[in-house]
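Welcome, and please load the model in your viewer before we set off. We will go from stop to stop, selecting a few residues each time.

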Amino acid sequence: MTDLRAHPDCSSVADALLTRGVTRRTLLKLCAGLAAGLALPAAEAATIARALAQEPRPRVLWLALQGCTGCTESATRAHEPTFESLILESLSLDYHTTLMAAAGDAAQSALREGLRERGYVLVVEGAVPGPAGVCTSGGEDDTALLRRAAAGASLILAVGSCAAFGGLPAATPNPTGARGVADDLAAAGLPVDRLVNLPGCPPLPQALAGTLVHWLTYRHLPALDGARRPLAYYGTTVHQRCSRLAHFRARRFARSFDDAGARRGWCLLKLGCRGPSTANTCTRLGWNGVDAYPMRAGHGCIGCSQPGFWDGGGFYEPRPPARGGRRAQGLHGAGAQRRTHRQPRRGT
Ligand code: FSX
Ligand code: SF4
Ligand code: F3S
């Protein structure tokens, strides 16, 4: 794991990347990739490159609430760094309970220091506990800490389905009263206008790196949907670019995971695939730097980025009859965690 602490000699993200061995040529290529991922015109790659070279590295405070740390693992790709992980490591990551070397009083002091000056990026991983005292860090209630930290943030990223919508910790019977950041801030009467949800269990690192870079470049949030997810990454369903889509359209469905149809790459809808109702970018950008996603590996999408994940029913049950639109649905607010998945119109 690369050292994630601030490098005082590197003033910009580009400086930090160059220090880590990324060449200028590669940097420009990668900015083009980020612009494409953000669905921006190709010419915007130069704007992004300029911002990465000129803007000071943003200070990032990363709170780990009720989660499994899979979001951190996915973002940092500890065993094989990607460009996205290098971007994240090139920020000034001032506090991260899992990754920082400091512990105990030194960690608490880093948090205090980080919170002192407003304007940082607050990344939240994991669901927010409901009743006070359910989870604490350094003696402080996690929910109180989140609200205090949110007050001074210029940008709040709820990373992962747990932080965005409650996710696994909010699954029935939800013993900790877990909920997403938006629901918690709204319940406390705090604004959510600086919040972006990046759901997925875990989310794609490209969505995290791209959203951060967008903010660094333009100093405003990317276009969001009603669930505060960036449209660039969550504006379409994984179904719309699935390698099995032609079979879906031809109504060729595998009936078991080891039948001849499954071996020929037929559609997994009848085996419970939730791709048609799941907003995410897995089939567009791919996992692990390659064109990899669950349906390519022979398993249906389990809807890991949707509100209501995990309580939306068994993963291997065919979904209810078709209704709903091309886009996956998603809302933040009290109803989101109970929302189930919808099916597409025929032929989408
Ligand atoms: Fe949740 Fe993050 Fe799933 Fe895990 O901590 S989104 S359980 S991958 O890692 O919060
Ligand atoms: Fe792919 Fe699932 Fe859509 Fe079939 S239903 S095309 S397997 S995403
Ligand atoms: Fe999750 Fe479905 Fe992508 S299960 S990883 S949203 S294909």
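Which helices do the buried residues of α3 pack against? They pack against α1 (13-19), α2 (24-37) and α10 (205-218), where helices (H or I, at least four residues) and strands (E, at least two) are DSSP runs numbered from the N terminus.

Some housekeeping before the next selection. This is a predicted model, in which local features need pLDDT of at least 70 and side-chain atom pairs count only at pLDDT 80 or more, while totals for chains, interfaces and linings use all residues. Residues are numbered from 1 along each chain as its sequence is written, and chains are lettered from A and ligands numbered from 1 in the order in which they are written.

**Stop 1: helix α3**

Select residues 44-54, which form α3; its buried residues are Ile48, Ala49, Ala51 and Leu52. A residue is buried if 20 or more other C-beta atoms lie within 10 Å of its own, exposed if 12 or fewer, and partly exposed in between, with C-beta atoms placed from the backbone. Look down the helix: these residues cover an arc of only 165° around the axis, which puts them on the same side of α3. The arc is that of the directions from the helix axis to the C-beta atoms. An α-helix has 3.6 residues a turn, so residues three or four places apart point the same way.

**Stop 2: the whole chain**

Zoom out and colour by secondary structure: the chain has 14 helices and seven strands. Buried residues account for 47% of its 348 residues. Of the contacts between residues at least 6 apart in sequence, 71% join residues at least 24 apart; a contact here means that the C-beta atoms, placed from the backbone, lie within 7 Å.

**Stop 3: the sheet**

Now select the five strands of the open sheet, in the order β2-β1-β3-β6-β7, with parallel pairing. Two strands pair if DSSP finds at least two bridges between them. At the edges are β2 (92-96) and β7 (195-198), each with a single partner strand, so one side of each is left without a neighbour in the sheet. On average, neighbouring strands are turned by 20° against each other, direction ignored.

Is β2 enclosed by the rest of the structure, or open to the outside? Five of the five residues of β2 are buried, so β2 is largely enclosed by the rest of the structure. Its parallel pairing with β1 has four bridges, and Leu61 stands opposite Tyr95 in β2. Further along, select β3 (residues 120-125) and β6 (residues 153-159), a parallel pair with six bridges. There, Leu122 stands opposite Ile156 in β6.

Helix α6 (residues 104-116) lies across β1 (59-64), β2 and β3, at about 125° to β2. Helix α7 (residues 142-151) lies across β1, β3 and β6, at about 165° to β1. Axes are lines fitted to C-alpha atoms, for helices over the stretch in contact, and angles run from 0 to 180 degrees between N-to-C directions.

**Stop 4: Gln66**

Select Gln66, in the loop between β1 and α4 (70-76). Gln66 is buried, with 22 other C-beta atoms within 10 Å. Leaving aside neighbours within four places in sequence, its contacts include Gly126, Pro129, Cys162 and Thr176.

**Stop 5**

Most residues other than glycine have a negative phi, and most peptide bonds are trans. Here are some exceptions to select:

- Thr172 to Pro173: the peptide bond is cis, with omega near 10°. Pro173 is in the loop between α8 (161-165) and α9 (181-187).
- Cys201 to Pro202: this bond is cis, with omega near 5°. Pro202 lies in the loop between β7 and α10.
- Arg228: phi is positive, about 60°. Arg228 is buried, with 24 other C-beta atoms within 10 Å.
- Arg251: phi is also positive, near 60°. With 11 C-beta neighbours inside 10 Å, Arg251 counts as exposed.

**Stop 6: two ligands**

Finally, select ligand 2, surrounded by 15 residues, the closest being His239, Cys242, Cys267, Cys273 and Gly275. A residue is near a molecule if its C-beta atom, placed from the backbone, lies within 6 Å of it. Around ligand 3, pick out residues including Gly200, Asn280, Tyr293 and Cys301.

Methods. Two residues are in contact if their C-beta atoms, placed from the backbone, lie within 7 Å.
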